[in-house]
Amino acid sequence: MRPIENLTREVNRMKLEGKVALITGGGTGIGKATALLFAREGATVAVAGRRENKLAETLKAIQTHGSKADYIVGDISKVSDTERIVKETVNRFGGLDILVNNAGVFKGIKLNDTTEDAFDYIMGINLKGTFFMCKHAVPEIQKRGGGAIINIGTALGIKGYRGSSTSAYSASKAGVIMLTKALALELAQHKIRVNCVCPAVVETEIFETLGIPEEKIPERMKMWEAFHPIGRNGKPEDIAHAILYFASDDSSWATGSILNLDGGVTAG
Ligand SMILES: NC(=O)c1ccc[n+]([C@@H]2O[C@H](COP(=O)([O-])OP(=O)(O)OC[C@H]3O[C@@H](n4cnc5c(N)ncnc54)[C@H](OP(=O)(O)O)[C@@H]3O)[C@@H](O)[C@H]2O)c1
């Protein structure tokens, strides 16, 4: 953390200069916005996900601005892929300072309709994938003398909402929230800070996977605006700025923090 006297002199300083960041789910939505913001702040960025075409779009957008980046195709529900994604990042960029565990899937399914496969799919990506990304990234971050891990939770992992039918999703993200706190304590001695950002509704393509007919999505988004006391849904950039805060030295005293970033949804 820089002393207050230096702040006026450092307004133009990039917040992530010299850092290597790995962002899962960086091909779309919150992950893409975070990748672009991190690159603008001087980071070298690796994005990972299953769809190569989406990752390539992010890469192109970053490279247009002259920043260094690459993508790694992988499925974080496979432990071997989590290890490979970290290894390839380090091989390409020489180390790792920041891990953003953003990849996730959202399913609204009633308990009675939740098959073992559906449960394993949600848990395998949201919780197991996040866990093993941490496991493989931590030794690399340690080699750099410390760094930051930022997990993405959700308002649905903090509070229940009548009619939401998200028991498996909510449980997976509640696991991510508790993983954040447990790891924050375990890793503080290694100077690795672990924090979590919990959004409410953010307008991304995650809603295309809910089975809502495509033409009805804008109408549904409009309806969700009223759910937020602040009167609008979140934008990926709203979340990216909070992730940047936890990734940078601006938050050097923060670890184990769970940030409700939700237009006021969990305030009531
Ligand atoms: N949007 C919201 O309202 C909201 C609210 C609260 C929390 N969140 C959380 O925010 C995070 C980002 O979501 P988003 O809203 O930006 O939605 P999104 O655009 O659908 O992003 C999710 C990303 O995760 C990747 N992903 C999914 N499964 C993966 C796997 N097995 N391995 C690797 N990558 C995988 C996807 O890429 P591929 O499909 O190509 O793998 C996609 O790029 C998620 O964790 C989500 O739960 C979102």
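# Working chat on the protein chain and its ligand

Biologist: What share of the contacts with a separation of 6 or more comes from residues 24 or more positions apart?
Modeller: In the protein chain, residues 24 or more positions apart account for 74% of those contacts. Two residues are in contact if their C-beta atoms, placed from the backbone, lie within 7 Å.

Biologist: What kind of model is this?
Modeller: It is a predicted model, where local features need pLDDT of at least 70, side-chain atom pairs count only at pLDDT 80 or more, and totals for chains, interfaces and linings use all residues. Residues are numbered from 1 along each chain, as its sequence is written.

Biologist: How many helices and strands in the protein chain?
Modeller: Eight helices and seven strands. Helices (H or I, at least four residues) and strands (E, at least two) are DSSP runs, numbered from the N terminus.

Biologist: Why call the protein chain as compact as a globular protein of that length?
Modeller: Its radius of gyration is 18 Å, close to the 18 Å from the globule rule for 268 residues, so the chain is as compact as a globular protein of that length. The radius is taken over C-alpha atoms, and the rule is 2.2 Å times the number of residues to the power 0.38. Along the principal axes, the C-alpha trace spans about 50 × 40 × 40 Å.

Biologist: What percentage of the residues count as buried?
Modeller: 44% of the 268 residues. Buried means 20 or more other C-beta atoms within 10 Å of the residue's own; exposed means 12 or fewer, and partly exposed is in between, with C-beta atoms placed from the backbone.

Biologist: Which residues have the most contacts inside the largest nonpolar core?
Modeller: Ala21, Val45, Leu99 and Ile243, in a core of 70 residues. H5 gives the most to this core, with nine residues. Such a core is a set of buried Ala, Val, Leu, Ile, Met, Phe, Trp, Tyr and Cys residues joined through C-beta atoms within 7 Å.

Biologist: What does Ala21 touch?
Modeller: Leaving out residues up to four places away in sequence, Ala21 touches Leu16, Phe38, Ala43, Val45, Asp97, Ile98, Val100 and Ala247. Ala21 also stands opposite Ile98 in E4.

Biologist: How many bridges join E1 to E4?
Modeller: Three, and strand E1 (residues 20-24) runs parallel to E4. Strands pair if DSSP finds at least two bridges between them. E4 is also joined to strand E5 (residues 147-152) by four bridges, again parallel. There, Ile98 stands opposite Ala148 in E5.

Biologist: Which way do the E4 residues point?
Modeller: From strand E4 (residues 98-101), Ile98 and Val100 point one way, Leu99 and Asn101 the other, and all are buried. In a regular strand the side chains alternate between the two faces of the sheet.

Biologist: And how many E5 residues are buried?
Modeller: Six of its six. Gly147, Ile149 and Asn151 point one way from E5, while Ala148, Ile150 and Ile152 point the other way.

Biologist: Switching to the ligand. Which residues come nearest?
Modeller: Gly25, Gly29, Arg50, Arg51 and Gly104, of the 29 residues around the ligand. A residue is near a molecule if its C-beta atom, placed from the backbone, lies within 6 Å of it.

Biologist: Which helix gives the most to that shell?
Modeller: H2, with three residues. Helix H2 (29-40) and helix H5 (116-143) each supply at least two.

Biologist: How many nonpolar, polar and charged residues are in the shell?
Modeller: Eleven nonpolar, 13 polar and five charged. Ala, Val, Leu, Ile, Met, Phe, Trp, Tyr, Cys and Pro count as nonpolar, Asp, Glu, Lys and Arg as charged, and the others, Gly among them, as polar.

Biologist: Now the loops. What is phi at Ser165?
Modeller: Positive, about 50 degrees, although Ser165 is not a glycine. Ser165 lies in the loop between E5 and helix H6 (167-187). Ser165 is partly exposed, with 17 other C-beta atoms within 10 Å.

Biologist: Where is Lys191?
Modeller: In the loop between H6 and strand E6 (192-199). Phi of Lys191 is near 65 degrees, a positive value in a residue other than glycine. Lys191 is partly exposed, with 15 C-beta neighbours inside 10 Å. Beyond four places in sequence, Lys191 is in contact with Gly145 and Gly146.
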